[in-house]
Structures are given as C-alpha cells and as structure tokens.
Amino acid sequence: MKDYIELIKRLLEENKTTGENHSEDMLHYTRMNLKRLERWLSKGKLNEATKAIIAKITKPQQWIVLTEAWCGDAAHSLGFIQKMADLNPNIQLEWRLRDENLDLMDKYLTNGGRSIPKLIVRNQEGKDLFDWGPRPAEIQEAYLTMRKNEMPYSEISVALQKLYNKDKGVSIQSEIASGIEANL
C-alpha cells in the first residue's frame, strides 16, 4: 500500500493521476480519494468476525486488486482490503492499475464494464477462489438504481460517499469474509 500511495503522490506532484486522463476533474478525484484512503487506513476498524475468518486462512493466497487512483469506490475499499491482508502472512497482496492490466481486467467485468476496484483471490496453485467488487452489494444496488433513474454523476458520487461513510467498511468486510469462508 505504501508504494501505491507514494505513486499517487508522485503523480499528483506532476499534475497527473493514474491512467491516461489527467484532466482537472480526474486530478480533483485523485486528491479527494487519496485523503479518503488515508482516512480509512488510519481510522477504519476491522470487526472481530472478519478477523476470525482471516485467521482461518492456513494456505497461501494471492490477492490481486485492480484499481486506479481516481476511483472513488477504491478509496473506500482499499484500506479495508489492506487491513485484512495485514492480518495473515498467508495473504500476498498485489496492487495493479486497471488500465495497465486490461487483459486481466477483462476477465472480471461487472455487467460488461471494467468497474473497479476488483479483488481477485487465488490459491497457491493460481486457481481463482473468488472475486469481489467493485462495491458492496447494497451500495451497488443503490448505484444501479441511481444510474437507471439517470441521476447526474455529481449527485451519484455524493450519494455513494454518504453510503460508504454510513457503512464504515462493514459490508466490504462481510462480503470478502464470506468469500474467504466459502473457500476454506
């Protein structure tokens, strides 16, 4: 995570973000998301049920997260994924930029789109155990409803921010823990 955050900061110093679009909007999203990510890393809490399930992982797993610095959903999820991975030395966590790994991303589309973040969990033989993302199911449902109702993106992003803040990472933990538990 440290390398990922350093990359974002270095790019911002150059008035860039990850990916090809370095517009003022994308730079603004990247700055906001860096603050959100650092806040969740600092203040986000893992619940005891999640910790217990993570502790049950006894064989090596590879966790690959596809993300981009400008992605608001990633800003709310990555800190919790990092905290979970930190609990167990059997978890090898890798961060990959979506736009530099489209061949991988295209194997894990959401409703035909390259939605991120996407967590891919594999066993030590490289077999997929499960994947998660781009957002918790309840927040995804709200997002799809807002899109269906043609809500402007500026309003959608504010509504999603409020949902993530209210949830405090509980749904992210629960859904990833369920995927782990199903594959123990």
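Predicted model: local features only at pLDDT ≥ 70, side-chain atom pairs only at ≥ 80, totals over all residues.
Residues count from 1 along each chain as its sequence is written. Local features need pLDDT of at least 70, side-chain atom pairs count only at pLDDT 80 or more, totals for chains, interfaces and linings use all residues, and side-chain values use heavy atoms, without hydrogens and water.

**Exercise 1. Describe the largest pocket by volume and lining.**

Step 1. On a 1 Å grid over the protein atoms alone, a pocket is an open set of points with protein on both sides within 12 Å along at least five of seven lines; a cavity is a set where a 1.4 Å probe fits but cannot get out; lining residues have an atom within 4 Å of a point. A volume is the space filled by probe spheres set on the points, which are joined across faces, edges and corners.

Step 2. The volume is about 560 Å³.

Step 3. The lining has 28 residues; Gly-72, Asp-73, Arg-135, Tyr-153 and Leu-160 lie nearest the centre. Helices H2 (24-43), H4 (72-86), H6 (137-148) and H7 (153-167) each give two or more. H7 has the largest share, six residues. Helices here are DSSP runs (H or I, at least four residues), strands likewise (E, at least two), numbered from the N terminus.

Step 4. Twelve lining residues are nonpolar, eleven polar and five charged. Ala, Val, Leu, Ile, Met, Phe, Trp, Tyr, Cys and Pro count as nonpolar, Asp, Glu, Lys and Arg as charged, and the others, Gly among them, as polar.

**Exercise 2. Characterise the largest cavity.**

Step 1. The whole structure holds one cavity of 30 Å³ or more. The largest cavity has a volume of about 50 Å³.

Step 2. H1 (2-13), H2 and H4 each supply at least two lining residues. H2 gives the most, with four.

Step 3. The lining splits into nine nonpolar, two polar and one charged.

**Exercise 3. Find the buried face of H3 (48-55) and its partners.**

Step 1. Down the axis of H3, the buried residues fall within an arc of 100° (directions from axis to C-beta atoms), so they line one face.

Step 2. Glu-48 and Ala-55, on the other side, are exposed (over 50%).

Step 3. The buried residues pack against S1, H4, S2 (91-97) and H8 (contact: heavy atoms within 4.5 Å).

**Exercise 4. Check the span of H8 (170-182).**

Step 1. The expected span is 1.5 Å times one less than the number of residues.

Step 2. For 13 residues this gives 18 Å; the end C-alpha atoms are 18 Å apart, which agrees.

Definitions and conventions
Buried < 20%, exposed > 50% of the residue type's maximum accessible area, 1.4 Å probe, protein only.
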